[in-house]
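Have a look at it first, then read on.

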Amino acid sequence: AARGMSSAARTVGILTRRALNEVIRVPGAAIPGILAPTIFMLGLSAVFGQAAHLPGFTADDFRTYIVPVGLLQGAAFAGAAVGVNMARDIEQGWFDRLILAPEKRGVLLAGMVASASVRCLMPGTFLFVVAVILGVHVQSVLGVVIAIVLVMALAAVMACWGAAVALRFRTQQAAPLIQILGFIAVLFTTAYAPFSLLTPWLRAIAHLNPVTYVLEGVRQGFVGGVNWADTWPAFLAISVLLALLGGIAIRGMRRYGT
């Protein structure tokens, strides 16, 4: 059993390194995803910065409020990249050779998904450093730790979605479908304003959207501090999403080639 676990861990590590090496070999493809969340934060705070003065807004500075949204965007980009790269590998035939490896397909999927969780730290770190330089304050170190865990978990969720779509369509033409879910999931939350300031229809959708609770959990590191009422729903939501989309992705892996 120990030997099997060691083999699985090595496989996950190798596939994770392979995915991260692509960032070094093709930086032009990775840089937009690293810069995009920071550009998003700078652009929106410049346009909507005065929204923080509205009665009922829960942050004194709009940049502080929007930074967690950028962190989730970075996670979504990293997860989508896994799906797009998998579709490319399927088209080029490399994936067919991979699944012939003497390793469980769930382990192979885990290696690809783990790469997204690590890769999302690059745009997240860049955004965090720029935000701190611009004066964004950290409310709690524990809150930042919680944010990191949730962001990495969301990247894994989006990687599972991307893998499921890639395995279903087996072409890079499915890239827009892979990418759109993350965009929509983050958009229809309390991304730009608290619940109390949302229009009724958007408030209703945000309440139903599990990513809203993940966002509120991430936001604890920057706004309001850590509390149990925002922490447990965030971890419950991300666990359900990971179980659901992870299960779909594993099913796709097992059915591939059969």
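How does the lining of the largest cavity divide by class into nonpolar, polar and charged residues? Point 2 has the answer.

1. Some ground rules. This is a predicted model, where local features need pLDDT of at least 70 and side-chain atom pairs pLDDT 80 or more, while totals for chains, interfaces and linings use all residues. Residues are numbered from 1 along each chain as its sequence is written, and side-chain values use heavy atoms, without hydrogens or water.

2. The cavity. On a 1 Å grid over the protein atoms alone, a cavity is a set of points where a 1.4 Å probe fits but cannot get out, and lining residues have an atom within 4 Å of a point. You'll find one cavity of 30 Å³ or more here. The largest cavity has a lining of 10 nonpolar, two polar and five charged residues. Arg18, Ala19, Asn85, Met112 and Ser115 lie nearest its centre.

3. The pocket. A pocket is an open set of points with protein on both sides within 12 Å along at least five of seven lines.

4. Keep an eye on α3 (62–92). This helix (a DSSP run of H or I, at least four residues) gives the largest share of the pocket lining, 11 residues. α3 also gives the most to the lining of the largest cavity, with seven residues.

Note on methods:
Helix = DSSP H or I, 4+ residues; strand = E, 2+ residues; numbered from the N terminus. Points joined across faces, edges and corners; volume = space filled by probe spheres on them. Nonpolar A, V, L, I, M, F, W, Y, C, P; charged D, E, K, R; others polar.
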